[in-house]
Amino acid sequence: MSAVKKTELIKSGFEAAQLTITMMRTVFNRIPPRKIVDFYINSDAKPKQLSEDIWNEFGDGTIECMKDGVHMLAVLWQSAWVAGDGDTSISASARKAITKSHAMKICQDADFLPSVGIADIQQYL
């Protein structure tokens with residue numbers, strides 16, 4: 001993956017939406033969802049073998065899609081940083097990486113973003 005280039009930076013929410021839609025189209029063209037569904041439906045493999053078969057069929061494309069998504073997120077974050085003048089508007093102490101122990105204090109709370117089924121998610125949104 002390459003670093004975000006200055007020419008890739010976006011300047012508005014509309015540009016962010018366009019970038020997102022473009023990335024989604026790229027992913028859909030690279031691995032059409034229907035191909036994955038058809039592959040799954042047409043397989044008579046057991047779950048473990050099916051997982052391996054799906055990876056063998058779509059793994060390389062999946063890796064490329066993940067790289068595209070990670071790069072798009074980097075563009076969005078870097079664009080937000082530049083637009084907000086993060087180098088000067090955010091203090092050096094606030095830019096320090098969070099420590100593992102501090103992160104654990106945040107997320108070890110059982111009520112912090114609990115894992116729930118789709119039927120129960122509304123109360124957390």
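This is a predicted model: local features need pLDDT of at least 70, side-chain atom pairs count only at pLDDT 80 or more; totals for chains, interfaces and linings use all residues.

Reader: Which side chain does Arg 30 meet in a salt bridge?

Author: That's Asp 68, at 2.7 Å from N to O. Arg 30 sits in helix H1 and Asp 68 in helix H3, so this pair ties together parts 38 residues apart in sequence. Asp 68 is partly exposed too, at 24% relative accessibility.

Reader: How many salt bridges does the count come to?

Author: The count comes to 4. One of them joins the side chains of Arg 34 and Asp 38, at 3.3 Å. These two are 4 residues apart in helix H2, which puts about one helical turn between them. Arg 34 is exposed at 55%, while Asp 38 is partly exposed at 30%.

Reader: Now the aromatics. How do I read a ring pair?

Author: You describe it by the distance of the centres and the angle of the planes. A search of the whole structure gives 1 aromatic pair. Here Phe 39 and Phe 58 are edge-to-face, with 5.6 Å centre to centre and 80° between the planes; over 60 degrees counts as edge-to-face. Phe 39 belongs to helix H2 and Phe 58 to helix H3, so the pair links parts 19 residues apart in sequence.

Reader: Is Phe 58 buried or exposed?

Author: Phe 58 is buried, with a relative accessible area of 7%, because anything under 20% gets that label. Phe 39, at 24%, counts as partly exposed.

Conventions
Residues are numbered from 1 along each chain as its sequence is written. Side-chain values use heavy atoms; hydrogens and water are left out. Rings of Phe, Tyr and Trp (its six-membered ring) pair if their centres lie within 6.5 Å; planes under 30 degrees apart count as stacked, over 60 as edge-to-face and the rest as tilted. Buried means under 20% relative accessible area, exposed over 50%, partly exposed in between (1.4 Å probe, protein chains only).
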